[in-house]
Amino acid sequence: MTSRGGGGGGKTVVCVTGASGYVASWLVKLLLLRGYTVRASVRDPSDLNKTKHLLALDGAKERLHLFKADILEEGSFDTEIDGCEGVFHTASPCNLYVMEENAQAELIDPAVKGTINVLASCARVPSVRRVVLTSSSAAVINNGWPRTPDVVVDETWYSTPDVCKKMKAWYPLAKTLAEDAAWKFAKEKGIDMVVMNPSLCIGPLLRPALNVGATEIMKLINGESFRNFSFGCINIKDVVNAHIQAFEIPSASGRYILTERVAHLSEIMEIIRKLFPDFRLPEKCEDDKPFMPIYQVSKEKAKRIGIDFIPLELGIKETIESLKEKGRLDG
């Protein structure tokens with residue numbers, strides 16, 4: 001695999017699955033800006049609610065090709081992946097609130113079977129040089145190990161299905177099973193694959209629908225109390241930049257955990273209070289228990305592929321300004 005010198009030059013063709021999603025939409029945007037020709041899968045190319053923002057991107061008219069594909073249908077990606085040098089597989093349901101009885105059909109099957117179907121298409125196509133898979137920090141941290149301020153999580157951590165099931169954490173279970181299946185399949189078929197493990201993504205919105213990060217911030221602004229909860233955050237621009245760097249840099253390998261900071265919701269709220277003092281924000285936590293601890297996440301490997309990490313404060317500011325622009329918040 002040769003270095004692409006920071007861009008596609010219009011001649012490098014790549015595929016992005018699930019292009020109407022939050023991460024994928026930004027990925028398409030940055031790939032087009034870097035000169036790539038992008039073949040992007042969506043469930044229904046004629047649904048302008050899902051595709052209008054993609055078609056409006058700079059370079060879309062000349063170098064964006066939308067196609068219909070079903071991740072649960074074997075061979076659905078064969079034709080469009082043929083001729084692509086890179087495949088960015090982001091298509092996977094992101095729903096943190098699925099009930100146990102619906103988890104298999106709504107989360108696990110699309111995540112696991114969908115990933116294998118896309119990788120199988122890649123294995124059948126000689127043009128594909130590298131696959132970049134979008135996993136999640138949910139496939140990293142859910143292993144029952146302590147997560148306290150002195151603990152540093154890194155790429156050697158793997159979530160375990162038994163722990164996810166015990167927690168009834170169906171989204172982490174789906175991402176864990178999908179990543180595990182992907183590594184086994186890639187090794188068996190000799191696929192050059194790199195995996196991204198981002199935490200909760202924040203930052204500007206491209207599509208009409210809200211992502212989980214924007215939804216969490218909306219809940220905080222509109223709520224009467226804040227949850228006793230801590231989580232990792234990462235700016236969406238860092239996430240998509242890491243994806244592209246992982247494709248372009250020959251030495252990139254393995255998995256990359258992407259977290260700028262782990263924060264408790266109380267800290268997120270205080271950041272919002274400083275940035276937007278006119279907001280009426282909740283003053284109390286929903287319970288009187290000790291706050292869920294934060295922990296550290298290693299940035300060393302991500303920095304080696306050029307990720308500088310945009311500060312959490314800027315990501316929160318961008319998210320709220322974007323929500324305002326889209327009429328989701330007053331002010």
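In this predicted model, the largest cavity is lined by His-89, Ala-91, Ser-92, Ala-111, Thr-115, Leu-133, Thr-134, Ser-135, Lys-175, Ala-178 and Glu-179. Its volume is about 70 Å³, and the model has 3 cavities of 30 Å³ or more.

**Largest cavity**
- Three elements each supply at least two residues of this lining: helix 5 (100-124), strand 5 (130-134) and helix 8 (170-189).
- Helix 8 provides the largest share of the lining, with 3 residues.
- Classified by residue type, the lining of the largest cavity comprises 4 nonpolar, 5 polar and 2 charged residues.

**Second largest cavity**
- The second largest cavity has a volume of about 60 Å³.
- Leu-200, Ile-202, Gly-213, Glu-216, Ile-217, Phe-231, Cys-233, Leu-265, Ile-268, Leu-312 and Ile-316 form the lining of the second largest cavity.
- Two or more of these lining residues come from each of strand 8 (200-202), helix 9 (212-222), strand 9 (230-235), helix 11 (265-275) and helix 13 (312-325).
- The largest share of this second lining, 3 residues, belongs to helix 9.
- By class, the lining of the second largest cavity consists of 9 nonpolar, 1 polar and 1 charged residues.

**Crossing of helix 1 and helix 10**
- Two packed helices are described by the angle between their axes and the distance between the axes.
- Helix 1 (residues 22-33) and helix 10 (residues 236-248) have axes that come within 9 Å and cross at roughly 60 degrees.
- The crossing of helix 1 past helix 10 is right-handed.
- On the helix 1 side, the contact is made by Tyr-22, Val-23, Trp-26, Leu-27, Leu-30 and Leu-31, and on the helix 10 side by Ile-236, Lys-237, Val-239, Val-240, Asn-241, His-243 and Ile-244.
- The residues of this contact divide into 10 nonpolar, 2 polar and 1 charged.
- An α-helix has 3.6 residues a turn, so residues three or four places apart point the same way.

- Helix 8, which gives 3 residues to the lining of the largest cavity, has 20 residues.
- From its first C-alpha to its last, helix 8 reaches 28 Å, close to the 28 Å expected at 1.5 Å a residue.

**Val-163**
- Val-163 is located in helix 7 (residues 161-167).
- When its neighbours within four places in sequence are left aside, Val-163 is in contact with Asn-142, Asn-143 and Gly-144.
- Val-163 and Pro-126 are 37 residues apart in sequence, and their C-alpha atoms are 38 Å apart in space.

Conventions. Residues are numbered from 1 along each chain as its sequence is written. This is a predicted model: local features need pLDDT of at least 70, side-chain atom pairs count only at pLDDT 80 or more; totals for chains, interfaces and linings use all residues. Side-chain values use heavy atoms; hydrogens and water are left out. On a 1 Å grid over the protein atoms alone, a cavity is a set of points where a 1.4 Å probe fits but cannot get out, and a pocket is an open set with protein on both sides within 12 Å along at least five of seven lines; lining residues have an atom within 4 Å of a point. Grid points are joined across faces, edges and corners, and a volume is the space filled by probe spheres set on the points. Helices (H or I, at least four residues) and strands (E, at least two) are DSSP runs, numbered from the N terminus. Ala, Val, Leu, Ile, Met, Phe, Trp, Tyr, Cys and Pro count as nonpolar, Asp, Glu, Lys and Arg as charged, and the others, Gly among them, as polar. Axes are lines fitted to C-alpha atoms, for helices over the stretch in contact, and angles run from 0 to 180 degrees between N-to-C directions. A crossing is left-handed if the near helix is turned anticlockwise from the far one by less than a right angle, and right-handed if clockwise. Contact means heavy atoms within 4.5 Å. The expected span of a helix is 1.5 Å times one less than its number of residues.
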